[in-house]
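Morning, everyone. Let me put the structure up, and then we'll walk through it.

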Amino acid sequence: MDLYEYQGKELFKRFGIPVSEGRLATTPDEAHLAAAELGGQVVVKAQVLTGGRGKAGGIKLAEGPDDARAKAKEILGLDIRGHVVRKLWIERASDIAKEYYLSLTLDRGAKQPLFMFTTEGGVEIEEVAEKHPDALVRLHVDPFEGYQPWQARRLVYGAGVEDPNEQKQIVSIVGKLYEAFVATDAMLTEINPLVVTPEGEVKALDSKFTVDDAALYRHPDVAEMRDLDAVPPEERAAREKGVTYVKLDGEVGILGNGAGLVMSTLDVIALAGGRPANFCDLGGGGDAEGVVDALEVITADPQVKSIFFNVFGGITRCDEVARGILAALDRMTIEHPIVVRLDGTNAEEGRKILDEASPPNLYVEPTMLDAARRAVELAA
Amino acid sequence: MAIVVDRDTRLVVQGLTGSEGRFHGLRNRNYGTNVVAGVTPGKGGQDVEGIPVHDTVVEAVEHAGANTSLIFVPARFAADAVYEAVDAGIGTVIVITEHIPAHEMLRVYTYVRPKGITLIGPNCPGVLSPGKANVGIIPAEVFAEGAIGLVSRSGTLTYQIGYELAQLGLGNSTIVGIGGDPVPGSSFVDVLEKFEADPQTELVVMVGEIGGNEEEKAAEFIRDRMTKPVLAYIAGFTAPPGKTMGHAGAIISGSSGTAQAKKEALEACGVPVGTTPTEVAQLVADAVGARA
């Protein structure tokens with residue numbers, strides 16, 4: 001689960017990482033009020049779960065409350081890479097002398113947390129890694145040893161931070177970031193930029209924070225931060241029904257059993273010249289209840305023109321799945337053409353059951369590619 | 001031969017008395033797997049259709065000689081279950097449980113790794129050596145016995161490929177589901193190494209998907225260290241960045257972990273990548289035919 005900048009900063013603050021004071025606003029008037037409370041210059045920042053806000057005009061400096069209201073008007077409703085801005089973070093403006101970068105991520109390859117630190121912050125870290133790999137200090141942490149202060153010293157000296165006052169503050173922030181990372185089950189925490197003010201104060205000017213979905217059960221406070229309004233309505237409905245669903249941008253609705261098989265189904269639709277409308281995994285079963293829930297979610301998307309139901313029968317046999325599909329179609333009205341491919345255990349029996357019942361909008365195909373072609377045809 | 005599980009497997013099922021554990025534990029026994037015990041704290045002394053249940057894994061090892069564990073316990077107790085199995089002297093641990101927090105798996109992995117234990121999963125379908133043993137939830141009836149090793153991050157996709165191979169008259173030495181989590185106990189490289197050393201295995205099919213860089217590491221391993229041919233399939237070419245596609249580990253982060261990058265890395269190391277499961281099965285049949 002990805003957090004907004006302001007939510008990440010709230011967690012930073014909780015763990016003692018310095019951030020600027022700010023307020024959340026969802027209207028120009030709230031932005032005005034926030035700026036008045038904060039006093040002086042403020043920064044009006046779009047809160048969206050994507051990068052590139054600055055370039056897209058989502059971050060603006062305001063001279064005072066009236067200006068903050070005007071800037072909020074400009075930014076609210078902006079579409080940044082498909083994310084519509086509905087929330088603003090109004091923050092006291094900071095003077096910046098230097099921009100550093102600090103992150104701690106779960107490195108899947110090494111299976112250890114990984115610190116990255118550089119004094120060349122404020123730009124995309126991939127760019128630094130590519131152009132000045134020597135400027136980027138990387139350090140893995142043994143999960144049992146945990147954080148030790150020498151690690152922070154290694155980062156600070158390795159990156160060439162010379163000011164003792166800065167060194168001291170960064171060492172403290174590194175330790176607190178590790179604490180926050182472990183305590184919240186984070187997959188990624190990134191401070192870019194980590195700024196040094198002309199007065200020598202070091203603080204986090206931005207935050208990127210991703211928490212492990214599997215661990216949310218033990219962080220109810222973080223789980224509550226999920227912004228359901230930012231989720232496409234189909235995905236919200238799917239979540240409520242317990243259906244694993246991701247909205248995509250095509251015309252062929254996809255339903256299958258098993259994440260890998262469904263991903264493969266999307267690819268086969270693309271190979272057949274179509275565009276998948278969604279990812280939807282039924283899981284191991286194929287009972288009528290699950291099929292109804294999934295079909296309801298898929299057909300709620302107005303872009304969907306046809307549906308490809310791709311099933312491999314393993315322990316759940318294809319004849320059971322076929323009966324599940326028929327029972328589901330009995331319980332709901334679907335206008336869309338549905339192409340079914342059944343393979344695996346008892347596939348022949350399953351196809352026979354569907355052929356005999358032969359609902360008018362149901363097409364049964366023997367192979368994945370044939371079925372994909374048919375579904376693409378029917379969506380045209 | 002075969003790898004990970006075989007006729008010498010003496011299986012203890014942790015969570016045997018739960019509905020999943022019972023269903024699959026009994027299926028595994030019916031297949032011919034030597035299921036010697038179950039473990040459920042507080043239910044020691046009971047039995048599940050003749051399989052004795054113990055309170056702890058230590059007892060299952062002492063009384064029933066268990067050497068392999070299959071874990072079905074709920075996510076929040078699963079890490080504890082792995083530590084318990086390893087500390088009891090179990091050499092092979094297969095974890096079916098989904099949704100174990102990644103931070104817990106980091107610690108489990110770091111603890112288990114230096115001990116030389118084989119840890120498969122979590123969030124995986126298990127391991128099947130056709131004709132010898134089935135440990136987990138893989139539908140054995142769709143696979144035949146043979147010389148092709150299969151290693152995969154996905155369940156049903158593997159069944160699909162195994163089924164298509166069987167239709168072409170080809171069978172498997174062992175099918176290993178390494179699971180769809182971000183921190184798996186065994187990676188492609190770990191399993192490829194075992195297949196390379198297994199006399200029964202003549203060729204390996206590797207089924208990857210988006211997320212992480214284990215396929216890229218496997219590509220280099222295959223080029224540098226393997227004599228047996230390897231073929232691959234990658235799922236998720238159409239997956240958008242930043243979205244978790246069903247499996248917790250199936251996510252493109254920024255620009256890393258794409259299917260295209262994995263395909264290119266594999267092909268650059270001489271590993272053919274099929275575009276559909278059917279094409280992969282056909283490539284395997286061609287390769288086997290060419291070798292025969």
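Which residue in β11(A) is the bridge partner of Ser103(A)? It is Glu190(A). Before going on, some ground rules. This is a predicted model, so local features need pLDDT of at least 70, side-chain atom pairs count only at pLDDT 80 or more, and totals for chains, interfaces and linings use all residues. Residues are numbered from 1 along each chain as its sequence is written, while chains are lettered from A and ligands numbered from 1 in the order in which they are written.

Now the strands around that pair. Helices (H or I, at least four residues) and strands (E, at least two) are DSSP runs, numbered from the N terminus. Two strands pair if DSSP finds at least two bridges between them. Strand β8 of chain A, residues 98–107, is joined to β11(A) by 7 bridges, and the two run antiparallel. β11(A) also has 4 bridges to strand β13 of chain A, residues 208–211, again antiparallel. There, Thr189(A) stands opposite Phe209(A). Then comes strand β12 of chain A, residues 202–204, with 3 bridges to β11(A), antiparallel too. Val195(A) faces Lys203(A) in β12(A). β11(A) and β12(A) form a hairpin with 5 residues between them. In its turn, Gly200(A) has a positive phi of about 90 degrees.

Why is β11(A) described as largely enclosed by the rest of the structure? Because 9 of its 11 residues, in the run 186–196, are buried. A residue is buried if 20 or more other C-beta atoms lie within 10 Å of its own, exposed if 12 or fewer, and partly exposed in between, with C-beta atoms placed from the backbone.

Stepping back to chain A as a whole. Chain A has 13 helices and 19 strands. Its C-alpha trace spans about 80 × 50 × 40 Å along the principal axes. Of its 380 residues, 47% are buried. Contacts next: two residues are in contact if their C-beta atoms, placed from the backbone, lie within 7 Å. Take the contacts in chain A between residues at least 6 apart in sequence: 69% join residues at least 24 apart. Chain A divides into domain 1 (21–92), domain 2 (98–223) and domain 3 (231–379). Those bounds come from an automatic or database domain assignment. The centres of domain 1 and domain 2 of chain A, taken over C-alpha atoms, are 26 Å apart.

On to the interface. How many residues of chain A are in contact with chain B? The count is 44 residues of chain A, against 45 residues of chain B. On the chain A side, at least two residues each come from β14 (244–247), α9 (259–271), β16 (278–281), β18 (338–344) and α13 (368–379) of chain A. α9(A) gives the most, with 11 residues. By type, the chain A side has 23 nonpolar, 11 polar and 10 charged residues. Here Ala, Val, Leu, Ile, Met, Phe, Trp, Tyr, Cys and Pro count as nonpolar, Asp, Glu, Lys and Arg as charged, and the others, Gly among them, as polar.

Now chain B. It has domain 1 (1–123) and domain 2 (139–292). Their centres, over C-alpha atoms, are 25 Å apart. The contact between them takes 17 residues from domain 1 of chain B and 20 from domain 2 of chain B. On the domain 1 side, α4 (102–112) and β7 (118–120) of chain B give two or more residues. α4(B) has the largest share, 5 residues. That side divides into 14 nonpolar, 3 polar and no charged.

Chain B also has an open sheet of 7 strands, with mixed pairing. The order is β3-β4-β2-β1-β5-β6-β7. β3 (47–48) and β7 of chain B are the edge strands, each pairing on one side only. β7(B) runs parallel to strand β6 of chain B, residues 92–95, with 3 bridges. Ile94(B) has Ile120(B) as its bridge partner.

Last item: a helix pair. The axes of α7 (214–225) and α8 (259–268) of chain B come within 8 Å and cross at roughly 5 degrees. Axes are lines fitted to C-alpha atoms, for helices over the stretch in contact, and angles run from 0 to 180 degrees between N-to-C directions. α7(B) and α8(B) are therefore roughly parallel to each other. The cut-offs: under 35 degrees is roughly parallel, over 145 roughly antiparallel, 65 to 115 roughly perpendicular, and the rest oblique. The contact residues include Glu215(B) of α7(B) and Lys262(B) of α8(B). They divide into 4 nonpolar, no polar and 3 charged.
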